[in-house]
Amino acid sequence: MRTIHELTTAFAKGDASPVAVAEEYLARIGALDAKVGAYLTVTRDEALAAARAAEARYRARAPLGPLDGAPIALKDVFCTRGVRTTSGSRILDTYVPPYDATIVARLKAAGAVILGKTNMDEFAMGSSTEHSAFQLTRNPWDLARVPGGSSGGSAAAVAGGLAAGSFGTDTGGSVRQPAAFCGVVGMKPTYGRISRYGLIAFASSLDHVAPLTLDIVDTALLLGATAGHDPLDATSVDAPVPDYVAALTGSVKGLRVGVPDEYFGEGLDPEIDRAVRVAIDRLRDLGASVERVSLPTTEYGVATYYIVAPAEASSNLARYDGVKYGLRVPGKDLIDMVSRTRAAGFGAEVKRRVMLGTYALSTGYYDAYYGQAQRVRTLVRRDFEKAFERVDVLATPTTPSVAFKHGEKADPLAMYMNDVYTIPASMTGLPAISVPCGFNAAGLPIGLQLIGRTLDEATLLRAAHAYEQATPWHAKRPSLG
Amino acid sequence: MADGKYETVIGLEVHAQLATRSKMFCGCPTGFGAPPNSQTCPICQGMPGVLPVVNRTAVEYAVRTALAFGLRVNPACRFARKHYYYPDMPKNYQISQYEEPLAEEGALDVEGPDGLRRIGIQRLHLEEDVGKLVHEGDFGTAQSSLVDYNRSGMPLMETVSRPDLRSPEDAAAYLRAFRAVLVALGVCDGNMEEGSLRCDANVSLRPRGATELGVKVEIKNLNSFRNVQRALEFEVKRQSAALDKGERIVQETRLYDADRGATRSMRSKEYAHDYRYFPEPDLVPLKLDRAWIEQQRAAIPELPRARRERFVVQYGLPPSDASLLAQSRALADYCDRAVRVYAQNPKGIVNWITSEVLREVDAADEVAVTNFQIPPENLAGLVKLIDDGTISGKIAKDVFARMLTSGEDAATIVKREGLTQMADPGALGSLVDQAIAGNPKAVADFKAGKTAAAKALVGQVMKASGGKANPAMVDRLVQEKLSRS
Ligand SMILES: [Zn+2]
């Protein structure tokens, strides 16, 4: 299993061929994805055409850059021109977008070979990919377990060697949590760092485009190729994009690491607690200073998130009405048609959140729910700002538990609590990364989360890279046969 | 009409389509009358994944309008989503402004029968338009419907007046004055037929002398000045009849049916919504820099009221003529251009505009006025020819008619057709002599003290000259010769 930088370095040297590599991945998907269920759509012809073009560029000694020819998978939440894009929902089963998302356009411009579209919880609502309208995705480390979610297909594809890298979306932890569950790297950059144009919206103020990779260098490469201002996204940040690979100095000397008390309390799996504390010790050994900090508003995170996200979702999903595209179930009149279409097209979790959100925005409740949630969000942000006066990064567990079994968390609330450590960075828009930091006794991966300052992805990547290079975890891969 | 018993209270919400080249949140063109769905893109069709981007020109136009009405432009404003399900609205929410509008608190001075009245304007905000639905029959029972999204996402500026209007005529006058300002600013073409200007009215009645407002009824779908006035007249009659019978007015939304000349209640299904407003998370708050706002203020051209005043002072026009011209940017521009070429007689030019030009074109039709066959410079030339005695007023009307068809200037026509008036005392003198010789009765009447008899002789001479004689000179010669004979 090779990383993106290993592959493209080999392409440049002539030691490997983009077409042969693409064929290898497609063959592997053909042979193994029936087990994993990572892909909803495999774009074989497009991938081979892109690989041939990349190969021609390498032959002409004019590759487009360090992603040229890299075989990548995209969460089925990104609009791809001419390629079915479902957002994991029955209501978009047959939807073929007429345009490419900005992230897709930028990846194509960088020469990436898109292998296909990966499975996800419907409209990115979930933490296990079990809410996909189409199929289960299995964790490559233990096929009886979930890969996490909502970007479960992307994480499983990367962990299982069915793609060299992938892009997912992280709204409350939807990239970091599956990265932790599948033993890969997942990074949610600062809100607005990567354009959301063409990302099928779940919760607009929380949705982040986020890469999943085998190592930190690959994260730096994918981030560097896709970050930056987009005139099509008014919330995208107009700030220069540094050379993230150059930022990977290998050193954390003098780095101040904060350890928030509130992330090591009740509900945290003791094996994860131990692994994360060992990881923090490792950072100290490498020259970082470590101190305890407090983020007192942490306990309000999940409740606040489950007001804001459903409220925005109820609005964003209003457009699926059977009138213009996607599923239409005929009815006796227009209102009946819309009702029947939405009843048949949306799954239970989506309906639950649309109802929650509709309620939260209703006249008379708006201020008590959405208004109040936004005020709490400001307080959470202040907590972090205060902590970042003293430290450069925060180190926490990514998840309170390791990958659970399919069907294990039938209670929605139990599922929601799985995002307790990832939600605060989502609500504040701060960059955060999950890196593998070991395995439990059963051999399931554990993730260390590092949270950084706004737009300071470079420091985050530098710390994660130094840790990765000093530990063996990223080199361990599941065996799928 | 409200008789003495009730006072009518009206407030108007005006939606003006801004004359930008592209839509409010995407790059689609805004032309009128294109084939259905030919001016659309994923954004204004509400496709999955799209995001809005604010059209800066629309903001500029809205700020200029706000400043023209003396509204306070907020340093920061926000867009909000307004939700309801209707197939003409592709996202099932409209991006509008709610709690934090672009501008608040201003006024428009409206000329009414009792002079100038200041009508308060509560707020001004930006929003996107919806598409157009074509269904066979009623909303509920239609067998099929088609949607045209060309209009979806067009930039709209909504302006809400205070309930300061006191009659349907008042309301129509407000709308006319409002339109004149928008057209003068160049932010809206003011074309009500094409829907560039649309109006909803809130109307209530209260016993004369009462200070509390009565129950208000909203009337939608007022798409011409005539409809605004007629719908309001109908509604005032309906409400006063109901009040007379001791009935209570129901707070509701009514639709004006222009064919029947009546308003009808909309079924609650058509409008009863909880709009679930919340700040549009896809757009950041719009921050407007002070200096930039001042730049916009500097870009405001002369507005109708100022223009009217200038016409009175500079051109010596009666206020009624000045108002008529200032209501139409095109007409006022026409007048200014004509006067620029011939500054000696603005009143004469305006007389020709208000009588002859407006007989040919509708004053409210800006485009027709702008494209009028006789350019203002040529009208000025015509008036100059009258003033310097080259042609008579009577001949001038013929020349005007020829200018209309040929597009030539007055001097060219006069020269070719030999229409220059006779001002040669010798030639005219012999015509006068002939008239005196041929009308002994008129001469006798004049001698007997009937001075009016001289007029008959002047008429004879004019006729004999084919209208070309200089009337003043003829008059002088007749007087001279009669008193000498
Ligand atoms: Zn468009």
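Buried area is the accessible area (1.4 Å probe) that two parts lose on being put together, summed over both. By that definition, chain A and chain B bury about 2,900 Å² between them. The model is predicted.

**Chain A against chain B**
- Carbon and sulfur atoms account for 59% of the area buried between chain A and chain B.
- Chain A brings 40 residues to the contact, and chain B brings 33 residues.
- There is one salt bridge between the two chains. A:Arg196 and B:Asp282 form a salt bridge through their side chains, at 3.1 Å from N to O.
- Polar contacts link 16 residue pairs across chain A and chain B.
- On the chain A side, α9 (301–316), α10 (334–345) and α11 (348–361) each give at least two residues.
- That side of chain A consists of 22 nonpolar, ten polar and eight charged residues.

**Domains of chain A**
- Domain 1 covers 4–250 + 464–475, and domain 2 covers 299–371.
- Their centres, taken over C-alpha atoms, lie 28 Å apart.
- Domain 1 and domain 2 each put 20 residues into their contact.

**Domain 1 against domain 2 in chain A**
- The two domains bury about 1,600 Å² between them, 66% of it from carbon and sulfur atoms.
- A:Ile91, A:Met125 and A:Phe202 supply 39% of what domain 1 buries against domain 2, more than any other three residues.
- Zero salt bridges are counted between the domains, but ten residue pairs are in polar contact.
- The domain 1 side holds ten nonpolar, eight polar and two charged residues.

Technical notes
Residues numbered from 1 in each chain as written. Chains lettered and ligands numbered in written order. Predicted model: local features only at pLDDT ≥ 70, side-chain atom pairs only at ≥ 80, totals over all residues. Heavy atoms only, no water. Domains from an automatic or database assignment. Contact = heavy atoms within 4.5 Å. Salt bridge = Lys/Arg side-chain N within 4 Å of Asp/Glu carboxyl O. Polar contact = N/O pair within 3.5 Å; in protein donor to acceptor, adjacent residues only side chain to side chain. Nonpolar A, V, L, I, M, F, W, Y, C, P; charged D, E, K, R; others polar. Helix = DSSP H or I, 4+ residues; strand = E, 2+ residues; numbered from the N terminus.
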